[in-house]
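Here is a short briefing for a reader new to this structure.

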Amino acid sequence: MPLLHGLLPTSDVVHYGSNDNSSSDNFHDQPQEVRDESPVTGSHVQNGQAAAQREKIVIVGLGMVAISFIEKVIKLDSEKRFEIVVIGEEPHVAYNRVGLSTFFEHRKIEDLYLNPKEWYGSNADRGLSYHLNTQVTEVIPDKKVVKTSTGDTIEYDILVLATGSDAVLPTHTPGYGAKGVFVYRTISDLERLINFASKHKGQTAVTVGGGLLGLEAAKAMTDLEDFGRVSLVDRNKWVLARQLDADAGSLVTRKIRELGLDVLHEKRIKSVDTDEDNNVVGITFEDSEKLECCCICFAIGVRPRDELGVQAGIKCANRGGFIINESLQTSIPNIYAIGECASWDNQTFGIIAPGIEMADVLSFNLTNLDKEPKRFTRPDLSTKLKLLGVDVASFGDFFADRDGPKFLPGRRPSIPPAALKEKETEPPVKALTYKDPFGGVYKKYLFTMDGNYLLGGMMIGDTKDYIKLNQMVKTQTKLYVPPSQFILGSQKEGEENADDLDDSAQICSCHNVTKSDIVENVKNGTCKTIAEVKSCTKAGTGCGGCMPLVQSIFNKAMLDMGQEVSNHLCQHIPFSRVDLYNIIAVKQLKTFIDVMKAAGKKPDSLGCELCKPAIGSILASLWNQHVVEKDVHDLQDTNDRFLANIQRNGTFSVVPRVPGGEITADKLITIGQVAKKYGLYCKITGGQRIDMFGAKKQDLLDIWTELVDGGMESGHAYAKSLRTIKSCVGTTWCRFGIGDSVGMAIRLEERYKSIRSPHKLKGAVSGCVRECAEAQNKDFGLIATENGFNIFVGGNGGAKPRHSELLAKDVPPEMVIPIIDRYLIFYIRTADKLQRTARWIENLPGGIGYLREVIIDDKLGICAELEQQMQDLVSSYFCEWTETVRNPKRRKFFQQFVNTEETVENVEVIQERDQQRPTYWPKDSEATEDFKGHQWSSLAWQPVVQADHFSDEQPQMSSANIKRGDTQLAIFKVKGKYYATQQMCPHKRAFVLSDGMIGDDDAGKYWVSCPYHKRNFELNGEQAGRCTNDESMNIATFPVEERSDGWVYMKLPPVEELDAVLGTEKWKVKKGEAPDPFEKVDKKYKNMRGKRGKRVQGATGHPQIQCSSTSNVIDW
């Protein structure tokens, strides 16, 4: 629906489908009554043509196939010939059944919606209306009407049946209706299962059925983590018997058993055992064996929903389903069937791809009467899925060696298997098989006898070549290389390549998106980003498995247009930050290891100082895991790693949050006490809070503890996240104020604190047009008006200042947060690495106008999703300081040295204006000695630190700073091996290398990146110690190893010799190395300060202020 009426000019709105779609906790065998109000239909006027003159398409069912059909009709119906009414039986709009198991993770129905509710209203002008909680009870073809459970009679010109199918229950099995028996089909089924599991923790659950749905159900029941044990019961000899042969199915069985799932094959259920209250207590098999359990989920198949056909006279197949022809028409004119309820050639299809293909055919034929109609012929039953963590794919005629080929090149139509057996004495196909029991890989490809054509195949473990091989089958491409060259795959690293795919190649099987669909939308300007490709074509919005190929096609199309600019994160990640965000979000990746496996060029890469912080930021902005947790801690830059800003002398600054700049006297006292106790330099920041400098690493935890005990929390000054929301006093105190700027600023800062983003965020709220808070040069700013607030976005100071732009006027206070929610999440999703909002808006196609369309007018239909994502993040908030001080295991990170409690100053400290600060860096501060080539007089092995300080946990990187004499040394443990260097980075003589990020390349070279200015020093190989991006400097390296006594040993020179070359006292920056920048100024103006306010001694001997008696001017 159009959003935020009154903020911007909007046209009249007709509201549709305003049902309450919230789910019920109760399970209903019958459709529920429509809640709130009935679905609305009405007349619309478009281009002077009354809606009554339109043809009305009525769609029965609102599932994935139905919504695909609706989207395609809306897109193709350029003349607006059709009015569309869709009737859904469930209380939800169309949702992603392919991703149904993810519901157990997030428990948010809206996350499964294929389009948000607002999308339906936004297409009201296209004649779309919808009904929920409504069952069609009767079809009367003679009158061209359908009757519903709500008592409505709805006329149609064209009727499309998309009723789907029901999960099958074994009604012949005693006990099938007991309490604790479930099916796995709808959100309602899952809600009931979740509720049941929560009341039966630790007990045994069983999934019956070893097909695609059965494995999904087993995974879902395992993910619940309520059941103590989950067993899978299958009547076949191996799982996925309809997709895989014995070898492949057995491999999948073995792999899922390794994941902890108990699999029982060749078991048929004789009865479901119950107690006196009809609760499930177990299963008895036909072989008389028993299995105790409290819950059974049957996933043994589906049956088409064709019950409407009996009374209406629509012919149905014996095995179920409305019989259709190649045009999708049933036995009655103007009535069509698509999806799982349709029977073509006496077959129904339980996977999504054939249904999407049906939707394509029917939508095209209805909207293109002047063109040759499309026909639904033999559908592609190929599948590529990740089941219980195992990659599985089958394509083409994958059982041609068992059942005989359905076709052979040049011999269409289908060849009856019996005829083949009569005419041919040997199988008409040859199989090429590859097995890798160590890697868990199995491939079998089927070829014609001469090896010239590929017919089909199956893959386990390695499915990279799936799309290319499937396309070869579809196009009957003749092979000009030996079949053996296909079996090992391309063996290429990096991004998948689509250059050799035909334009007709199906890239996304979930939504039947071809290569040409993507290319055409890029080249005609419809899609300029990967996010727009997903929104426009739906590619990548199902299971997400096609995203690497989608990215490759998008990149190539942009390159062909001369618009390709590589914005890959680095050599390790062949994607931009935006694309990587989408991959991580779609695939639900939670760790760096998962990300590298899914999107990295080398799955086992360590990454580098470029990609790791970006990945860490994305993970935080999606899942908000504490950045000091081990699996994400090594991704953080030094500031995030220590939750404080590192300063030039190796100490840190600490900034507690002061929302809106408002602070109590008690909190001011707390800050003062902490600063005084730890000798911290204090300064008021430009964002209206207090920064305390000079905090030593080993003091951070104690400082945070005192601040937290005083009622304060982290200000996230160290993070790429919200810094402050600056405010004037507004109506709180100011006589000119017309809005409560302080109250709004505090509410905004409390909401968005800790939200990680591509770059830092700053906001401001001014109480009137006098603009004392400077809201128009912030990432987002508000200025109060008589009717609410004007919202400005995309401003910043910095090296390239930018004045912000007006996004919306006179926004009521209650609508401010939804708009900013959308703005910030859209920025987080689509900005490039380290891109401020100013540059982001400049690079948006259409600039501020496009941004307004997206987040105000909901052009993409994602506003509700953006708001929900922000709410999820906000709900997961915690103070990072508080959580850190509560965990004693993290204390070891906050030490200057791991082998001694001694501390040293790395830069000389001076007194200035009653505070301490480090002396200035000299202009030429580099240490240009040849540390790498220094020849020591002798070297001896010496124990320096216990080995248990270092971690072998993924991603297998840890470091330490040790003190030997007066010398600081850095030790790194990388993938089980140790490396040691000097601690000082020669560039600024900063003793910080142990806090640097570790990177690697394809050749196995490791380096450490200085956290100050990203000088990279090699750790291994012949050039260990070399700086790869500044040849003027290098560092010393030392042999290091772990020994059986539990200590790490370094081979070092005598202490005196070591200190003479690398000692801290020798290299620390000292007072006097840099000139005083104010020497000339102070010399010139020393005696010219004036007498007003001069400090004098009073009669008591205490200093007093002497003021001029003649001044009566107000000093503003």
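**Overall make-up**

The protein has 31 helices and 54 strands; helices (H or I, at least four residues) and strands (E, at least two) are DSSP runs, numbered from the N terminus. The model is predicted: local features need pLDDT of at least 70, side-chain atom pairs count only at pLDDT 80 or more, and totals for chains, interfaces and linings use all residues. Residues are numbered from 1 along each chain as its sequence is written, and side-chain values use heavy atoms, with hydrogens and water left out.

- Of the 1116 residues in the protein, 54% are buried (under 20% relative accessible area, with exposed over 50% and partly exposed in between; 1.4 Å probe, protein chains only).
- Among contacts (heavy atoms within 4.5 Å) with a separation of 6 or more, 64% join residues 24 or more positions apart.

**Helices H24 and H27**

- Helix H24 (residues 813-830) packs against helix H27 (residues 863-875) at an angle of about 85 degrees, and their axes are 8 Å apart.
- H24 and H27 are therefore roughly perpendicular to each other (65 to 115 degrees; under 35 is roughly parallel, over 145 roughly antiparallel and the rest oblique).
- Residues of H24 that meet H27 include Pro818, Leu824 and Phe826.
- On the H27 side, the residues involved include Cys863, Met870 and Leu873.

**Surface patch**

- Phe1078, Val1081 and Tyr1085 form a nonpolar patch on the surface, with about 290 Å² of accessible area together.
- Val1081 belongs to helix H31 (residues 1079-1085).
- Val1081 counts as partly exposed because its relative accessibility is 40%.

Note on methods: Patches are made of residues with over 30% relative accessible area and no salt bridge: like charges are joined within 9 Å, nonpolar side chains (Val, Leu, Ile, Met, Phe, Trp, Tyr) within 5 Å. Accessible areas come from the Shrake-Rupley method with a 1.4 Å probe; for residues, only the protein chains shown count as cover. A salt bridge is a side-chain nitrogen of Lys or Arg within 4 Å of a carboxyl oxygen of Asp or Glu. Axes are lines fitted to C-alpha atoms, for helices over the stretch in contact, and angles run from 0 to 180 degrees between N-to-C directions.
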